[in-house]
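Biologist: I am new to reading protein models. Could you walk me through a few features, one at a time?

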Amino acid sequence: AAALILTAPGLSVIINAIEIARQIFERMMSYTIYRIAMTMDVMFFVVLSMLVFPKVPGTTLPFQPLTAAMIIILALLDDIPIMTIAYDRTKVDPKPVRWQMGRILSISAVLGIISVVQTFGLLFTGMHFLGRELMGVIIDPTHLQTMVFLQLVVGGHLMLFVTRTSGSILRPPYPAALLFWALVCTQIFAALMCGFGWLVPALPWTLIGAVWVYNLIWMFIQDCVKLISYRLYDHQAGFQTSFIARMKKNAHHYTP
């Protein structure tokens, strides 16, 4: 047994408590899906890229997709917007909510795999133009390294917009101001780092813009894949529930 203390007249505070609890649950879901997908993207990409490209094409130098400093900076830049998830706007589910680990792992795995494909797409493009001109710039290994770093920062933060809701990113609830501006500020800082060469090799502004456009396109691709994944999983779960219910009904009907 537990004591329940109402802090305001009437029973509306109970409704408010339920709404807040369900909003907190949605934020935890958003964080979990994002964290799993982002971890898959970074870890799988770093390992697989070194297996696919053990050396820089045309040289005997070992290929290093990210430096140790880049990995640390990437983690720090991710932490800032992640903390603002606690203040994000979320929908209030009309029904009681519960953990569905199969659903969470399925959606996060799909988004993680799509993110790895996205990062490899930029890497393969950069490798194709290595030593050649792209948008007025002769691509060298340092350019490629910074492009990959910027892609992980931008793509990872844009994926936060995708994972924060099970619906389309074009529909409400829209991101809270604190979350939105945290993302904007970290992106501006990352762009300045790459443009002026702070702690990372400098990248021409034309290529920074190209990386941004590339990630924006992929954000909408991720959103479409997410919507399809949710629909397929929920449809399958609904079918399994109805099938089990029919089996129980038939078993009860034929019980002597």
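This is a predicted model: local features need pLDDT of at least 70, side-chain atom pairs count only at pLDDT 80 or more; totals for chains, interfaces and linings use all residues.

Biologist: Let me start with one cysteine: is C194 buried or exposed?

Modeller: Residues are numbered from 1 along each chain as its sequence is written, and side-chain values use heavy atoms, with hydrogens and water left out. Now the general idea: buried means under 20% relative accessible area, exposed means over 50%, and partly exposed lies in between (1.4 Å probe, protein chains only). C194 has a relative accessible area of 0%, so C194 is buried.

Biologist: How many disulfides does a search of the whole structure find?

Modeller: A disulfide is a pair of cysteine sulfur atoms within 2.5 Å. Here the search finds 0. Take C185: the closest cysteine sulfur, in C194, is 16 Å from its own, which is too far for a bond. C185 has a relative accessible area of 49%, so C185 counts as partly exposed.

Biologist: Which residues touch the most other members of the largest nonpolar core?

Modeller: A nonpolar core is a set of buried Ala, Val, Leu, Ile, Met, Phe, Trp, Tyr and Cys residues joined through side-chain atoms within 4.5 Å. In the largest one, with 61 residues, the answer is L123, F149 and L150. Six helices, α1 (12–52), α2 (68–83), α3 (101–128), α4 (141–163), α5 (177–196) and α6 (205–253), each supply at least two residues of this core. Helix α4 gives the most, with 13 residues. Helices here are DSSP runs (H or I, at least four residues), numbered from the N terminus.

Biologist: What is L123 in contact with?

Modeller: Contact means heavy atoms within 4.5 Å. Leaving aside neighbours within four places in sequence, the partners of L123 are F45, S49, F53, F63, L144 and V148.

Biologist: And where is H143?

Modeller: H143 sits in helix α4. Its relative accessibility is 11%, so H143 counts as buried. Not counting residues up to four places away in sequence, H143 touches V137, I138, A202, L203 and P204.

Biologist: Which residues form a nonpolar patch on the surface?

Modeller: For such a patch, we join nonpolar side chains (Val, Leu, Ile, Met, Phe, Trp, Tyr) within 5 Å, from residues with over 30% relative accessible area and no salt bridge. A salt bridge is a side-chain nitrogen of Lys or Arg within 4 Å of a carboxyl oxygen of Asp or Glu. The patch consists of M43, F44, V47, L48, L51, V52 and F124, together with about 670 Å² of accessible area (Shrake-Rupley method, 1.4 Å probe). Its largest share, 6 residues, comes from α1.

Technical notes
Patches are made of residues with over 30% relative accessible area and no salt bridge: like charges are joined within 9 Å, nonpolar side chains (Val, Leu, Ile, Met, Phe, Trp, Tyr) within 5 Å.
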